[in-house]
Amino acid sequence: MKTEPKPKRKATVGEALIPLLFLIGVLAYSLVKLDADPHIPLILGAFAAGLIGIFRLGFTWKELEEGVLDTIRMAMQAVLILMVVGTLIGTWILSGTVPSMIYWGLKIISPAIFLPATTLICCIVSLATGSSWTTAGTVGIALIGIGQGLGMPLPLVAGAIISGAYFGDKMSPLSDTTNLAPAMAGATLFDHIKHMIYTTGPSLIIALVLYGIIGMRYAGKELDISQIEVMRSALEGGFNTLSPILLIPPVVVILMVVCKMPAIPGLLIGSLLGAIFAAVFQGADLGSIIGAAHYGYVSETGVKAVDELLSRGGLDSMMWTVSLILCALTLGGILEKTGMLEALANALLKFSKGTFGLVLATIVSCIGVNLATGEQYLSLVLPGRMYKNEYRKRGLHPKNLSRALEDSGTLLSPLIPWNTCGAYMWVTLGVHPFAYLPFAFLNLINPLVSLFYAATGITMEKLPPEEMKIVEQEIKEGVL
């Protein structure tokens, strides 16, 4: 006899909070007390959410599984990019490309201007490519090495890289997030970009001033030239040549991305160029090239700082991060499928009085989705869908929503270790997100500037009168 499926019901706020509070508790205990990785806590959080979905809300395991797989599909491009970047880093170090960038950077850049210069370089590259990941995986690695040679704390250097990389990720019309946010909010791309200048421009200026002030502290100190010379000598001794010709692969990759070549084939070509350059300029055989692409490069110069910096990359080095992303997406898929995220967003709306309250609810939701699901795209998609009608009801232009989504969802994602972006930056730059978080000034300042505008009404553009008439009619008809 065939049984009728259990009727589903909407999740309450209390039910939605249970798996999240459980996750926070398990994560805190595991990370702080046990010094464990976040993978198992995320799986346990997903298990708790699944139990509530099945036994309280009436979902079947098959439905939850579909939600998980749908969410994972959304992030598969990011996972594939992550894997390709692993091979790219391995071949670029073996070829001498990354060592050359570090070698010549140590010769040119001084401590006083290093942090602002780092931010601006990453701004330019990410604006041109539309990709914070490409920026971190190319010039970011070199800048980490230069900063180490100049005696800069690596979390500080990583913070400057993240600030610059995410400026372009947020502002470039080539960026996927820059296109996704207005699509979710109902705004046009260039209206969205122009509107973001009001929050992102001042945030970048403040960040550059702060980096300049911090950089001046190092300008007053005597630069340890001997340490820099030791690093440069180790680099010279470890490679046949460190010619500027070896900078061709990153230039080619950046140009390909600017010319709108898809990221994955562009990065694969970059990896192939690294392999060719390794054979031609460093005399590497096929076995060494495949080994570097798969397992990463192992530096044996005898200088600890150089060996720690260059012993990285390879496909295998990204598997820890890929597994972390899959664990986070499993939790996120269940939370979205069961409607728990929607329940929390609706609860926030009850307290969002006025424009400030609405923007605050949007930003809090983006942060919550980033924390709960570990996926930057979901932090734009879910709050965008949830609040789109509410902004219209209140007579606010959709570009206010799209800006708030990017001011928080895009910029705060690399600060969370189990987020796809945070995990990528962690493994690529070699610095824990919690370590560079206090120094990612642009990422921290931008949401505050957004809230300031919401509180004062500055730049919070209203719907045009003709659109307001349509909204009023839709409210009367019960459409909104």
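Ground rules before the details. Residues are numbered from 1 along each chain as its sequence is written, and side-chain values use heavy atoms, with hydrogens and water left out. Because the model is predicted, local features need pLDDT of at least 70 and side-chain atom pairs count only at pLDDT 80 or more, while totals for chains, interfaces and linings use all residues.

Let's start with helix H13. It spans residues 286–295. Helices here are DSSP runs of H or I, at least four residues long, numbered from the N terminus. Which residues of H13 are buried? They are Ile289, Ala292 and Ala293. Buried means under 20% relative accessible area, exposed means over 50%, and partly exposed is in between, with a 1.4 Å probe and protein chains only. These three cover an arc of only 95° around the axis, which puts them on the same side of H13. That arc is taken from the directions from the helix axis to the C-beta atoms. Residues three or four places apart point the same way, because an α-helix has 3.6 residues a turn.

Now the other side of H13. Gly287, Ile290 and Tyr295 are exposed there. And what covers the buried residues? The cover includes helix H3, 61–95, and helix H12, 263–282. Just after H13, Gly296 takes a positive phi of about 95°.

Next, salt bridges. The rule: a side-chain nitrogen of Lys or Arg within 4 Å of a carboxyl oxygen of Asp or Glu. How many salt bridges does that give? The count is nine. I'll take a few of them.

Asp70 pairs with Arg73, and their closest N and O atoms are 2.5 Å apart. Both residues sit in helix H3, three residues apart, about one turn of the helix. Asp70 is partly exposed, at 44% relative accessibility. Arg73 is exposed, at 53%.

Then there is Lys170 with Asp407. Their side chains meet in a salt bridge at 2.7 Å, N to O. Lys170 lies in helix H7, residues 154–171, and Asp407 in helix H19, residues 398–412, so the pair ties together parts that are 237 residues apart in sequence. Are these two buried or exposed? Lys170 is buried, and so is Asp407.

Arg394 is partly exposed, with a relative accessible area of 27%. Glu390 counts as buried, at 19%. Separately, salt bridges that share partners join Arg9, Glu15 and Arg56 into one network.

Stay with Glu390 for a moment. It lies in helix H18, residues 376–393. Leave aside its neighbours within four places in sequence, and Glu390 is in contact with Leu349 and Leu358. Contact means heavy atoms within 4.5 Å.

Last stop, the surface. Ile205, Ile206, Val209, Leu210 and Ile213 form a nonpolar patch. Together they have about 420 Å² of accessible area, by the Shrake-Rupley method with a 1.4 Å probe, where for residues only the protein chains shown count as cover. Patches take residues with over 30% relative accessible area and no salt bridge; like charges are joined within 9 Å, and nonpolar side chains (Val, Leu, Ile, Met, Phe, Trp, Tyr) within 5 Å. Val209 lies in helix H9, residues 189–219. Val209 is partly exposed, with a relative accessible area of 48%.

Key: Helix = DSSP H or I, 4+ residues; strand = E, 2+ residues; numbered from the N terminus.
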